[in-house]
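Subject: Structure for your review

Dear colleague,

Please find below the structure that I am handing over to you. My findings follow it.

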Protein chains: 2
Amino acid sequence: MLATKTRTQSVAHLGESALIEQIKFWLGPVNPPSPQGIGDDCAVSVALKEGNQLTTTDAINYGYHFDDSMNPENVGAKLIKRNVSDIAAMGGTPESAVLALLCSSDVSIDWLKGFFLGIRDTCERYSISLVGGDISTLKATSFSAVLTLNGYAEEPKLRTSSRVGDFIYTTGTLGGSILGKHYQFEPRLSEGQWLAKSPECHAMMDLSDGLGKDLNALLPENTMADLFLDQIPVSEAAKKLAHTSGLEELEHAFCDGEDYELLFTMDAQTDKTEFEKSWQNKFPNTQLTCIGSIQNTGVEKGPYLDAKTGKPIPWVYGFEHLKT
Amino acid sequence: MLATKTRTQSVAHLGESALIEQIKFWLGPVNPPSPQGIGDDCAVSVALKEGNQLTTTDAINYGYHFDDSMNPENVGAKLIKRNVSDIAAMGGTPESAVLALLCSSDVSIDWLKGFFLGIRDTCERYSISLVGGDISTLKATSFSAVLTLNGYAEEPKLRTSSRVGDFIYTTGTLGGSILGKHYQFEPRLSEGQWLAKSPECHAMMDLSDGLGKDLNALLPENTMADLFLDQIPVSEAAKKLAHTSGLEELEHAFCDGEDYELLFTMDAQTDKTEFEKSWQNKFPNTQLTCIGSIQNTGVEKGPYLDAKTGKPIPWVYGFEHLKT
C-alpha cells in the first residue's frame with residue numbers, strides 16, 4: 001500500500017532531511033559521493049568528450065501508471081525502464097539520472113523503501129548513476145515521480161530519417177500490456193545499440209502509445225505505410241483481452257499503449273533474410289517481425305493500408321493523455 | 001485560475017498530441033527543431049568539449065509553490081528561476097532543460113498558455129533551450145511541473161570546500177519571501193559566475209530552505225559559525241511579517257524559505273575592503289554582507305554562535321518538505 005494511517009510509518013514522521021539520508025542509504029552504490037551524486041546544488045559530471053548527449057524525462061503517477069496492486073519494487077523499476085526505453089530507441093547508452101519525488105506526507109516509508117530498492121536494482125542492471133533529485137509535497141494520498149535520464153550515442157537514430165521503400169520492423173509482440181507487460185517489459189537496449197551501428201537502419205523509435213499512433217511519426221511527408229496485417233505480432237495478452245473487450249485482437253495490437261518495443265525501418269535494399277538471420281544469432285530471445293514497408297503517396301502523408309486488400313486500416317489512434 | 005469547468009477551454013478538449021503542438025508554438029524559438037528540441041524519443045545535443053556538466057531538478061506544485069493568486073506567467077518564470085538559482089550556486093551557466101507536466105484534464109488552456117509564455121520569456125533571458133518533455137495525467141484539480149536543467153561550469157564551486165577561518169557572505173536580504181520574493185527573485189547568476197572565478201571564494205550554495213537550515217551544509221566537520229547578528233540583512237518583508245507572526249525579525253531571516261540568495265565563504269586572508277569594493281563596482285544593485293566566519297570547535301560540527309555574546313543562536317531550522 002502506498003499510504004499509511006500510522007504517522008510513525010509515514011514520511012511525515014521522517015521529514016525531508018532525514019528522508020534524503022534514508023534515500024542515499026537505500027540507493028547504496030548507485031548514488032556516487034557528492035558532488036557527483038546527491039548533496040550539492042547540482043550534480044556534477046565530467047562532460048562527454050565525443051558523440052551526442054541524449055536527454056529524456058518521464059513520469060510515473062499513482063492511480064495512472066500504477067496502483068496498490070503493483071509492488072513498489074516494480075514501480076521503481078518501471079520508472080527507470082520507461083526512460084531507458086527512450087534511450088534505447090535512439091541506440092544510446094544511459095548514464096546518469098535525477099529524480100523528482102512529488103509525495104503526500106502519508107506515503108509509507110516501507111513502500112518508499114521498496115520503490116528505491118527497485119530503482120537501485122534497475123540502475124545497477126543498466127549502469128545508471130542516480131546523481132540528484134528533489135522532494136516536494138502533494139496533497140494526500142498522492143505520489144508521482146519524474147525521472148530525467150541523460151545518456152549518449154555516437155550517432156543517434158532519429159524518428160524522422162526513414163525513406164520511401166524502407167521495410168518496417170518491430171520487436172516483440174504488441175498489445176495488452178495492461179495485463180502485466182506495462183511493468184514487466186525489458187527495454188530493448190542492446191537491440192537499439194546494435195541497430196544504431198547499422199547504416200541500413202534508417203529510423204527508430206520505441207512504441208509507448210501504440211503502433212497505430214506511433215507509426216505515423218516514422219512516416220516521411222507524402223508517404224504511407226503498407227502493412228502486412230497477417231504479420232502483425234499480436235501478443236497473447238492482446239488475444240486474451242479481445243475475448244472480453246469486444247475489440248478485435250488487431251485493435252489491441254495497434255492501439256494499446258506501453259509496448260516498449262522498438263519500431264524501426266530498414267533500407268529497401270536490405271537483404272532481409274541475411275538481416276533476420278544475424279538478428280536471430282545476436283538476439284535469439286527477441287522476436288523480430290517485418291510488418292510492412294513505406295510507400296509513396298505522391299500527395300500528403302497517407303494512411304496505413306492493408307497490403308493485401310489495399311484498404312485503409314482503421315486503427316490509427318493510440319494512448320492519449322488528458323483526453324477524457 | 002488554474003482550472004476551468006468549461007470543457008472546450010480545458011486541456012481535455014485538446015488532448016495530448018494537440019497540446020504538444022500548442023506548446024511548441026507557445027515556446028517559439030526557445031524550442032529548437034527536433035532532434036535538438038521536442039519531437040524525438042530523446043533530445044539530442046552536442047556534448048560539451050570541456051569542463052563539467054551540471055544537472056539539477058526542481059518541481060512546482062499547485063497549492064504549495066503557487067496558487068490562484070499568482071498569475072501563470074509568474075508560475076512558469078518561477079519554475080525556471082528556481083533551477084537557474086541552483087546552477088548559479090555552483091557558478092555555472094544554464095544550457096538546456098526538459099519539462100515534465102503532471103496535469104489534470106480540467107486545467108485551462110488559457111492558464112497553460114500564460115505558464116508557457118512565462119517559461120519562454122525566462123528561458124530567453126537566460127539563453128536556455130527547452131528541448132523536451134513529458135505530459136501525464138493527474139486527478140482533478142492538480143498541476144505539477146518538474147524541470148530538469150543541464151548546464152556547465154569550468155570549475156564548479158561546491159558546498160563542501162570551505163575552510164576554518166573563512167568569512168561567510170550572503171547576497172541580498174533574507175526572510176519573508178512569502179510576501180512576493182518567492183517568485184519575484186532574480187537568480188544570482190552573474191554573481192555566481194564571477195565568484196566561481198575567484199580562488200578566494202571557497203564554497204557556495206543558494207539559500208532555498210533558510211539560512212538557519214542551509215548554513216550547516218557549508219560548515220566542515222569540527223567547525224561552527226560565528227555570526228554577527230547585527231549584520232544579518234533582514235528584509236523589509238521579514239520585518240513586516242514579524243509584526244503579526246509573533247516571531248522575531250531574525251527568526252524570519254534565518255528560517256523562512258525561498259530567499260534564492262547566494263551564501264558563500266571567502267578565504268580568511270581575503271582583503272575584505274578590496275573584495276567588497278570590487279563587488280560594489282561589478283554588482284552595484286546586489287547587496288553583499290559579511291555575516292560571520294567559520295571557527296574551529298575541536299570536537300564535532302558545532303552550532304551557530306552569536307559572535308558578540310558567544311551564546312548559541314536558536315534558529316537552526318528552516319523549511320522542511322513533508323513534515324506535518
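How many salt bridges are there between chain B and chain A? In this predicted model, the count is six. One of the salt bridges joins the side chains of Arg159(B) and Asp40(A), with an N to O distance of 3.6 Å.

The interface as a whole may be described as follows. Chain B contributes 70 residues to the contact, and chain A contributes 71 residues. Between the two chains an area of about 5700 Å² is buried, and carbon and sulfur atoms account for 51% of that area. Of the area that chain B buries against chain A, 14% comes from Asp41(B), Gln53(B) and Leu322(B), which is more than any other three residues supply.

Helix α5 (residues 189-196) of chain B and helix α9 (residues 272-282) of chain B have axes that come within 12 Å and cross at roughly 140 degrees. Because angles over 145 degrees are the ones counted as roughly antiparallel, α5(B) is classed as oblique to α9(B). The crossing of α5(B) with α9(B) is right-handed. On the side of α5(B), the contact is made by Glu191(B), Trp194(B) and Leu195(B); on the side of α9(B), Phe275(B), Ser278(B), Trp279(B) and Lys282(B) take part. By residue class, this contact of α5(B) with α9(B) comprises four nonpolar, one polar and two charged residues.

With kind regards

How values were computed
Residues are numbered from 1 along each chain as its sequence is written. Chains are lettered from A and ligands numbered from 1 in the order in which they are written. This is a predicted model: local features need pLDDT of at least 70, side-chain atom pairs count only at pLDDT 80 or more; totals for chains, interfaces and linings use all residues. Side-chain values use heavy atoms; hydrogens and water are left out. Axes are lines fitted to C-alpha atoms, for helices over the stretch in contact, and angles run from 0 to 180 degrees between N-to-C directions. Helices (H or I, at least four residues) and strands (E, at least two) are DSSP runs, numbered from the N terminus. Angles under 35 degrees count as roughly parallel, over 145 as roughly antiparallel, 65 to 115 as roughly perpendicular and the rest as oblique. A crossing is left-handed if the near helix is turned anticlockwise from the far one by less than a right angle, and right-handed if clockwise. Contact means heavy atoms within 4.5 Å. Ala, Val, Leu, Ile, Met, Phe, Trp, Tyr, Cys and Pro count as nonpolar, Asp, Glu, Lys and Arg as charged, and the others, Gly among them, as polar. Buried area is the accessible area (1.4 Å probe) that two parts lose on being put together, summed over both. A salt bridge is a side-chain nitrogen of Lys or Arg within 4 Å of a carboxyl oxygen of Asp or Glu.
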